[in-house]
Amino acid sequence: MDTTLDQLRSLIAVRDTGSALRAARLLDRDQSSVQKQIDTLNRNLGALCGEPLVLKQGRGRDVVFTGTGEALVEAARDTLENWRDRIRMCRDRAGALVVVGTTRFTLGALTSVGAVVADEFRRRDVELRIEHVRSKDVLPKLRSKEVDLVCGSIALPEGHGAPADCEVREFSRTGPSVLTNLSTRLLPGPEVKVSALRELPLVVPDHGLIADCLRGWFGGDHRRQLNIAAQIDAVTYGLELLCSALPVRGCMLVTHGIGEMVRDGRMATGGGLRVLPVVNDTPVRMQILTGAFRRRDDAARDGSHPLSMLWAALAR
C-alpha cells in the first residue's frame with residue numbers, strides 16, 4: 001500500500017471538519033490537494049476493503065463516512081499518535097533537539113531567553129528549532145507533541161488558569177482592543193463595550209483566540225448575532241484591509257499587545273487606525289492570556305534537560 005502519513009492526516013481533517021474545503025483551511029493547504037488525497041484513499045482503500053470510505057453528498061453538503069471510513073479514521077488517529085510518541089521518545093532520549101513554537105507577536109520573547117542558554121546548548125550540541133505557530137494552534141501543537149514549548153496567547157474566562165494538562169509562564173493577562181477606521185461620529189470612544197459589538201461592522205477571523213472571545217461572549221452562534229463586514233485569517237491582512245483604499249469601514253478585535261504596537265507605530269501597517277480598549281459588560285468576562293506553555297508531564301524532567309533549562313531561563 002502506498003498510503004502516506006500526510007494522506008491519513010487529510011482523512012482525519014475531512015472527518016473532523018466535514019468537507020475537503022474546510023479541511024484545506026485547517027491544514028493551510030489547497031482544496032484540490034486535499035480532495036485528490038481523499039479520492040486516492042477512497043479508490044485504493046475502498047478497493048481493498050470492499051466499501052468506499054466516504055460518500056459525496058453534493059455541492060455544499062458535508063461528506064458522509066461509511067462504517068469502513070469511520071474505522072480507518074480511528075486507525076489513522078492511532079497511527080499518527082504512535083508515530084508522534086515514538087519520534088518524541090527518540091528525540092528525548094538523544095536530548096539533542098528542542099522545538100519551540102511561537103506566534104509572530106511573541107517571537108521577541110525568546111530573544112533574551114535564547115541568549116541565556118545559547119552557550120550551554122552549543123557546548124552540548126543541542127539544536128534549538130523555532131517554528132511559526134498561529135494562535136489557533138498554540139495548544140493543539142503542544143498537545144500533539146509537534147512542539148516541546150510554545151509562546152503565544154489563548155482566550156479564557158477571567159480567573160481561569162491554564163488548562164490542566166499545561167504549565168504556563170504568564171507574560172500578561174489583558175482584555176482585547178479594537179482597531180478601527182470608523183469616524184469618531186460613528187464610534188466616539190474612548191472605549192468599546194462588548195454589548196456594542198453587535199451593532200458595529202466587524203472584521204473577524206474564522207478561528208483563533210479572537211473567535212474564542214466572541215464565542216465566549218455571544219455563544220456558539222455568535223456569527224449570526226454580529227454584523228460581519230469582512231472575514232480574515234491573519235491580523236496583518238486585516239490591518240492592510242482597514243488601511244486600504246477600499247471602502248471597507250469596520251472594527252477589528254486584536255490583543256492588547258498588538259493594539260499597543262499599532263498605537264506606537266511599531267507595525268508596518270496600521271497607521272491612522274484608532275485603538276480603543278474593549279470593556280466587558282457581559283456576564284462572561286473573557287481574557288487573553290499570553291505566555292509560554294509546556295506539557296505538564298514535562299515538568300518532571302531533570303533540571304539538566306535542555307527543555308528544563310529553557311523553561312528555567314523563561315522564569316528568570
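**Exercise 1. Identify the residue in E12 that is the bridge partner of Val192, and state how E8 and E12 run.**

Solution. In this predicted model, the bridge partner of Val192 in E12 is Val278. The pairing of strand E8 (residues 192-193) with E12 rests on two bridges, and these strands run parallel.

**Exercise 2. Determine which strands pair with E7, in which sense, and over how many bridges.**

Solution. Step one concerns strand E12 (residues 274-279): four bridges join E7 to this strand, and the direction is antiparallel. Within that pairing, Leu179 has Val275 as its bridge partner, while Thr180 has Arg274.

Step two concerns strand E11 (residues 251-254), which pairs with E7 in the antiparallel sense, over four bridges. Here the bridge partner of Thr180 is Cys251. Thr180 therefore has a bridge partner in E11, by the DSSP assignment of strands, and another in E12, Arg274.

**Exercise 3. Which residues of E7 point one way, which the other way, and are they buried or exposed?**

Solution. In a regular strand, side chains alternate between the two faces of the sheet. For strand E7 (residues 177-180), Ser177 and Leu179 point one way, and Val178 and Thr180 point the other way. All of these residues are buried, the criterion being under 20% relative accessible area.

**Exercise 4. Give the strand order of the open sheet of five strands and explain why one side of E4 and of E6 has no neighbour in the sheet.**

Solution. The order is E4-E3-E5-E13-E6, and the pairing is mixed. Strand E4 (127-132) and strand E6 (166-174) stand at the edges with a single partner strand each, so one side of each is left without a neighbour in the sheet. From one strand to the next, the twist averages 30°.

Strand E3 (residues 97-102) and strand E5 (residues 149-157) run parallel and are joined by three bridges. Thr102 has Cys151 as its bridge partner in E5.

**Exercise 5. How many residues of helix H7 are buried, and what covers them?**

Solution. Helix H7 (residues 209-218) is mostly covered, with seven of its 10 residues buried. The buried residues are Leu209, Ile210, Ala211, Cys213, Leu214, Trp217 and Phe218. The elements covering the buried residues of H7 include E5, E11 and E12, together with strand E9 (201-205), helix H8 (222-225) and strand E13 (286-295). After H7 comes Gly219, with a positive phi near 90°.

Key:
Residues numbered from 1 in each chain as written. Predicted model: local features only at pLDDT ≥ 70, side-chain atom pairs only at ≥ 80, totals over all residues. Heavy atoms only, no water. Pairing = 2+ DSSP bridges. Axes fitted to C-alpha atoms, helices over the stretch in contact; angles between N-to-C directions. Buried < 20%, exposed > 50% of the residue type's maximum accessible area, 1.4 Å probe, protein only. Contact = heavy atoms within 4.5 Å.
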